[in-house]
Structures are given as C-alpha cells and as structure tokens.
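Dear colleague,

I am passing on a structure that will be new to you. Please look at it first, and then read the notes below, which go through what was found in it.

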Amino acid sequence: MTTVSEKLLTRAEETGTPGPAEPPDRAVPLLSLRGVRIADGSDGREIVHGVSFELTPGKVVGIVGESGSGKTLTCRAALGILPPHFEVTGGSVEIEGTDISTLTPTRWTALRGATISAVFQDPASYLNPSLRIGRQIAEVVRVKKGLGRRAARERVLALLRAVHLRDPELVHDQYPFELSGGMLQRVLIAAAIAADPRILVADEATTALDVTVQAEILDLLADLRERAGLALVVVSHDLAVVAQLCDEVLVMRRGEVVEQGPTRAVLDDPRHDYTRLLISEHEQYGLEKFLGRPGEES
Ligand SMILES: Nc1ncnc2c1ncn2[C@@H]1O[C@H](COP(=O)(O)OP(=O)(O)OP(=O)(O)O)[C@@H](O)[C@H]1O
C-alpha cells in the first residue's frame, strides 16, 4: 500500500524537487524552543500553549495547522520579533545556546541575517518601496559580509539567479512596485539567504509562487541544507512541501501542539484526529490543484 508520505513525495518528484537527504553534523543545537508560551499582553490571553523543538545543522522542522493556530507567533518568538503587546510568558528560546531574552539590541543586530534569518508572506511590506531591489540586497551583503561595492553587486546577481528570477540584471535595477508578488517573494528569499544564515525561518515562504517556481526554491533550500548545513523552520499549509523537506513536523491547533514527530511517522500513522483531518483535506485540495487552478504569474 502506498503511504501518505510516499504519495506526497511522488508529487514532489514529479515537480523535480528532492526528498530529505541525510543532513550534515547534527550535534550542535542552533535553535531550541522549550515549552514556549505566548500571551497577548493587552488582555493576558495565552495564545500559544507550549511549543518545543530543537534545530541542529541541516535539520528541517515543519509546522502545520489551521489559520490562527499560532504558527507565525511561534516563529516570531524564535526571532525575537513578536508583535506589540505579545510576549513570551513561559519556556525559553535559545539561539546557539544563548537564551534570547538576554540578548542586547547590538547582539541581535549581529545575529539577524547572519545567524538567523526569515521570510514571511506579504513580501511588499518588507521591502523599501523607494529603493531599487539590487541596492536593498546589496546592503545586507555589504554590512553582514563586509563586501565591497563590486563584489556585493556580483553576489546580489548570483542570489537573484539562485532564486530563479529570469533577468537578474533587470530585476537588480527595478523598484519593488515593478515586480509581481511571486517575484518579490523570490527577492525576499534572496535577501534572507544573502548573509549565509545558519537558520532560516520560512513562514509560507513559497505559498504565493506557482508550482514550478516553488519546486525550484525548495530545491535551492534543500541544496543549502545539504551543502551548508542550513537548518530550517518551515511553516506551510502544503503537506507535500512538509513531506519533501521536513525531518520533523509539529501539528498545531488553537495554540497547542497536538502531534509532533518524524514527518514520515506523523503523515503515515497520524495519532490525532486533527492530523487525520489535515491529511484528508490536503488530499482534496491536491485534487483541486490537478483540476487546474491557474498559478500566479511569476
Ligand atoms: N499582530 C497581531 N495582533 C493581534 N492578534 C494577533 C496578531 N498576530 C497574531 N494574532 C492572533 O494570534 C493568533 C495566532 O496567530 P498566528 O498568526 O500565529 O497564527 P497562524 O497559525 O500563523 O495563522 P495563519 O496560518 O493564518 O498565518 C490568532 O488568533 C491571531 O488572531
């Protein structure tokens, strides 16, 4: 009998993306969340009721769950960028062994981009509308990697190529409003990996992309994971993405982790009714996709 993860991986192979590979040295924890609780300080309501996972080099952890279940807040807590009023009220987050609650703003500035980086949805809100694309990414590599102007330009063009933007030279000189949503999302991914981070948090980072471009980006992330030991937190509603990329998966519902474990085990032998529901919904949604919804312009 074909298992769910095999079926999902077959779809991945059809779109040309690799399955999980044996990652490099797994000894050093890069990111640890232990029993993280998050509350809305304005009314004291607890929104996330305890999330734990550990990322070592090359490891990929996926978070799935319904809208509003606390996936994004969990990612933001790990990055030290919770929205106003929200706070971590229990547990701890450590980056390379340091509790992030002890980090000074200067230390955070040094860590962001170079050690931990992120891509969220809604790319337009993360880019400066009045600066050309090339300059925005060049700033990251000049500050974080200490590259001179010429070397920075070369690196930016290489990054734009790596995220499969068709005409990197042109995109380099364009402003955000000149690009489609899918192109902007790829620009953000390029910026997020520009300083060779050790951890990348990808929150629905490929959702807005059409299937082929998504496959290319996942391929790129899998390659960075294999070659550079990039560790990833992947939030996705697409179980096919989770199946092909993640070693471990957390299933969240209403701020609670209802199931957590090795991806194959969770997808092939789900213990919780909610996980079963997600899998059956996904199968219906997958069918819808095959019936031909037009993909977004890339
Ligand atoms: N900036 C904010 N202001 C007010 N409430 C927020 C904010 N961010 C999140 N919340 C609330 O916290 C809860 C968890 O939100 P979160 O964004 O983490 O969910 P999610 O699982 O990522 O959902 P989605 O899949 O829709 O992105 C939701 O009920 C949401 O309404």
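This is a predicted model: local features need pLDDT of at least 70, side-chain atom pairs count only at pLDDT 80 or more; totals for chains, interfaces and linings use all residues.

Residues are numbered from 1 along each chain as its sequence is written.

To begin with the sheets, strand 3 (residues 60-65) and strand 9 (residues 248-253) run parallel and are joined by five bridges, with Gly62 having Val249 of strand 9 as its bridge partner. These strands belong to an open sheet of six strands, ordered 6-7-8-3-9-10, in which the pairing is mixed. At its edges are strand 6 (116-119) and strand 10 (256-262), each of which pairs on one side only, and the twist from one strand to the next averages 15 degrees. (Angles run from 0 to 180 degrees between N-to-C directions, and axes are lines fitted to C-alpha atoms, for helices over the stretch in contact.) Helix 7 (residues 181-193) packs on this sheet, where it touches strand 6 and strand 7 (199-203), and its direction makes about 180 degrees with that of strand 6; contact means that the C-beta atoms of two residues, placed from the backbone, lie within 7 Å.

There is also an open sheet of four strands, with the order 2-1-4-5 and antiparallel pairing. Strand 2 and strand 5 (98-99) stand at its edges with a single partner strand each, so one side of each is left without a neighbour in the sheet. Helix 2 packs on the sheet and touches strand 1, strand 2 and strand 4, its direction making about 115 degrees with that of strand 1. Strand 1 (residues 31-40) and strand 2 (residues 45-55) run antiparallel and are joined by eight bridges; they form a hairpin with four residues between them, and Gly44 in the turn has a positive phi of about 75 degrees. Leu31 has Leu55 of strand 2 as its bridge partner, and Leu31 also stands opposite Ile95 in strand 4.

Turning to the ligand, its surroundings are made up of Ile47, Gly65, Ser67, Gly68, Ser69, Gly70, Lys71, Thr72, Leu73 and Pro83, a residue being near a molecule or strand if its C-beta atom, placed from the backbone, lies within 6 Å of it. Helix 2 (residues 71-79) supplies the largest share of this shell, three residues. By class the shell has three nonpolar, six polar and one charged residue, where Ala, Val, Leu, Ile, Met, Phe, Trp, Tyr, Cys and Pro count as nonpolar, Asp, Glu, Lys and Arg as charged, and the others, Gly among them, as polar.

Finally, the domain assignment of the protein chain gives domain 1 (4-115 + 199-290) and domain 2 (123-196), with bounds that come from an automatic or database domain assignment. Their contact takes 13 residues from domain 1 and 13 residues from domain 2. On the side of domain 1 that touches domain 2, helix 8 (residues 211-228) gives the most, with six residues, and that side has 10 nonpolar, one polar and two charged residues.

With best wishes

Conventions. Helices (H or I, at least four residues) and strands (E, at least two) are DSSP runs, numbered from the N terminus. Two strands pair if DSSP finds at least two bridges between them.
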